[in-house]
Amino acid sequence: MEETVSHEAMSLLGQLRSGPESVEPYPIYAKLRDLGPLLRMTVGTYLATDAPTCREVLRRPEWTVPTPQWKDVNRPAWRTHPSLIAAGKTLMQHNPPMHTLQRGAIGRYFKPGALDELESVIQEIADRRLAELAEQIAVKRRADYAALVAHLVPMEVLCRLLGLPDDVDALVQASRNYRYAMELWPGRGQLLEADISADAVAAYLTVALGERSRCPATDVLGDLLTFENSERVPSAALDLATTVLVAGWETTAAMLNSMLLGLSRYPEQAAWLRGHPGALPDACAELIRWDPPIQMASRVAARDTVLAGVSIPAGRAVIALIGSAEHDPREVQEPGSLDFTRPARRSLAFGVGMHYCLGAHLAQLEARIMLRALLRRLPNLKVAGPAIRQRGIVFRSLRSLPVELA
Ligand code: HEM
């Protein structure tokens, strides 16, 4: 039998969506988990609140990402927004067979071996951006870590990976509001901002791809053009380059900001890590668990199915609350604390199943390099005022993070 609508869950989700930007999601998730593993909202949508239920949704093939046909029925305005159309053509919003084809075309650039060459590039970018931050602090006593480091490092890495001109500031500006196209139930104003962003990113990439087709090169963009032509998938190069920018920037920027918040809030953990450098990879995993950059992912039932003991008809949507799953006390003791000595577990922060994060190795590499650089180069860096969050509940993004040297 289908569950009845949980008005309490609706009200809690409402607090998360409409509260001030500073509202902490984790206490709200705890209340949602107390209501049950699967909660029915209005408009045929469910919330999966605990780790096992989220894992099931993301792993099982009958839970697909929303198809254009589903969106035509359930989100009819989507075709009027360039940002929703562009986001709909990214890898994360494709189902097989197109998903399999496109993931195959781009996957090899993100395997651990393929990223070896990028390691020294990332190191140089991290060192340079942290040096610029330190210079600014020396002059003004304070600086904005989000603006000078967390937003710029991942974008510069992606430019180098794709072979794009290093127009990092302009690309950060252009991409800033793309997030709203991936937001849960975005407002019209947010979508208009996302549309401007999507047009700017598309214009930038179209110029870069045009140059590449005039002067063919065997780099990532060149390969994507070859894939587009040989497989005859219209606009595949643009869509895959957009995928990398959209999926790889906001998430990694959010991770780098949370990293500094975590180190600043738990100085004893930072001190422990300095004495245990071998624990760096586990510490990165714990930082990403503690504050997952992507807090939720949506799926639709492709056929009648059962989830957490509840019968769900085909066409119903479910939102897997990844942020809640990573704070599920049945899997993680005292989940709200940052603890670099935690035993490893099957995390959901990079997803699971077919859409498992393509950039997970790259993100982990960037995390390790930045964490090591922060501990070594700026051990006294600390948060010097309230972090300003971006509006939205899907990404844990910050607009600014003031820092100073203790
Ligand atoms: C800490 C940083 C990151 C986190 C936490 C993260 C998290 C995730 C999650 C949870 C998903 C699954 C979404 C779903 O199931 O609907 C995902 C998918 C994806 N991520 Fe990441 N991501 C990060 C960084 C990156 C980077 C750096 C890149 C690439 C440059 C990237 C590229 C992708 C792509 C292409 C997908 C879609 C894969 C598919 O649909 O097959 N991500 N990511």
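Reader: Is Ala-308 buried, exposed or partly exposed?

Author: This is a predicted model, and within it Ala-308 is found in the loop between β6 (305-307) and β7 (310-312). A residue counts as buried if 20 or more other C-beta atoms lie within 10 Å of its own and as exposed if 12 or fewer do. Ala-308 has 19 other C-beta atoms within 10 Å, and therefore it is partly exposed.

Reader: What is the phi of Ala-308 near?

Author: Most residues other than glycine have a negative phi. Ala-308 is a residue other than glycine with a positive value, and its phi is near 50°.

Reader: Where is the peptide bond that is cis, with omega near 5°?

Author: Most peptide bonds are trans. Pro-97 lies in the loop between α5 (82-87) and α6 (98-106). The cis bond, with omega near 5°, is the one that runs from Pro-96 to Pro-97.

Reader: Is Gln-93 buried or exposed, and how many Å separate the C-alpha atoms of Gln-93 and Thr-67?

Author: Gln-93 also lies in the loop between α5 and α6, and because 22 other C-beta atoms lie within 10 Å, it is buried. Leaving aside its neighbours within four places in sequence, Gln-93 is in contact with Val-65, Ala-87 and Gly-88. Although Gln-93 and Thr-67 are 26 residues apart along the chain, their C-alpha atoms are separated by 7.8 Å.

Reader: How do the axes of α1 and α2 run, roughly parallel or roughly antiparallel?

Author: The axes of helix α1 (residues 7-18) and helix α2 (residues 25-35) come within 10 Å and cross at roughly 170°. Angles over 145 degrees count as roughly antiparallel. The two helices α1 and α2 are therefore roughly antiparallel to each other.

Reader: Which residues make the contact of α1 and α2, and how many of them are nonpolar?

Author: On the side of α1 the contact is made by Glu-8, Ala-9, Leu-12, Gln-15 and Leu-16, while α2 brings Pro-25, Ile-28, Lys-31, Leu-32 and Leu-35. One residue of this contact is polar and two are charged, and the nonpolar ones number seven.

Reader: How many of the nine residues of helix α3 are buried?

Author: The buried residues of α3 are Ala-51, Thr-53, Cys-54, Arg-55, Glu-56, Val-57 and Leu-58. Helix α3 (residues 51-59) is thus mostly covered, and its buried residues number seven.

Reader: Within what arc do the buried residues of α10 fall?

Author: In helix α10 (residues 168-175), the buried residues are Val-168, Leu-171, Ala-174 and Ser-175. They line one face of the helix, because seen down the axis of α10 they fall within an arc of 125°.

Reader: Against which helices do the buried residues of α10 pack?

Author: An α-helix has 3.6 residues a turn, so residues three or four places apart point the same way. The partners of the buried residues of α10 are α9 (152-162), α11 (188-214) and α13.

Reader: Is Leu-240 buried or exposed, and which residues does Leu-240 touch?

Author: Leu-240 is found in helix α13 and counts as buried, because it has 25 C-beta neighbours inside 10 Å. Not counting residues up to four places away in sequence, Leu-240 touches Leu-91, Gln-102, Ala-105, Ile-106 and Leu-224.

Reader: Which residues does Pro-293 touch?

Author: The place of Pro-293 is in the loop between α15 (280-290) and β5 (297-301), and it counts as buried because it has 24 C-beta neighbours inside 10 Å. Not counting residues up to four places away in sequence, Pro-293 touches Thr-251, Ala-254, Met-255, Phe-395 and Arg-396.

Reader: Which element gives the largest share of the shell around the ligand?

Author: The ligand is surrounded by 26 residues, and the closest are Ala-247, Gly-248, Gly-351, Cys-357 and Gly-359. The shell divides into 18 nonpolar residues, seven polar and one charged. Both α13 (236-265) and α17 (360-377) supply at least two residues of it, and the largest share, seven residues, comes from α13.

How values were computed: Residues are numbered from 1 along each chain as its sequence is written. This is a predicted model: local features need pLDDT of at least 70, side-chain atom pairs count only at pLDDT 80 or more; totals for chains, interfaces and linings use all residues. A residue is near a molecule or strand if its C-beta atom, placed from the backbone, lies within 6 Å of it. Helices (H or I, at least four residues) and strands (E, at least two) are DSSP runs, numbered from the N terminus. Ala, Val, Leu, Ile, Met, Phe, Trp, Tyr, Cys and Pro count as nonpolar, Asp, Glu, Lys and Arg as charged, and the others, Gly among them, as polar. Axes are lines fitted to C-alpha atoms, for helices over the stretch in contact, and angles run from 0 to 180 degrees between N-to-C directions. Angles under 35 degrees count as roughly parallel, over 145 as roughly antiparallel, 65 to 115 as roughly perpendicular and the rest as oblique. Two residues are in contact if their C-beta atoms, placed from the backbone, lie within 7 Å. The arc is that of the directions from the helix axis to the C-beta atoms.
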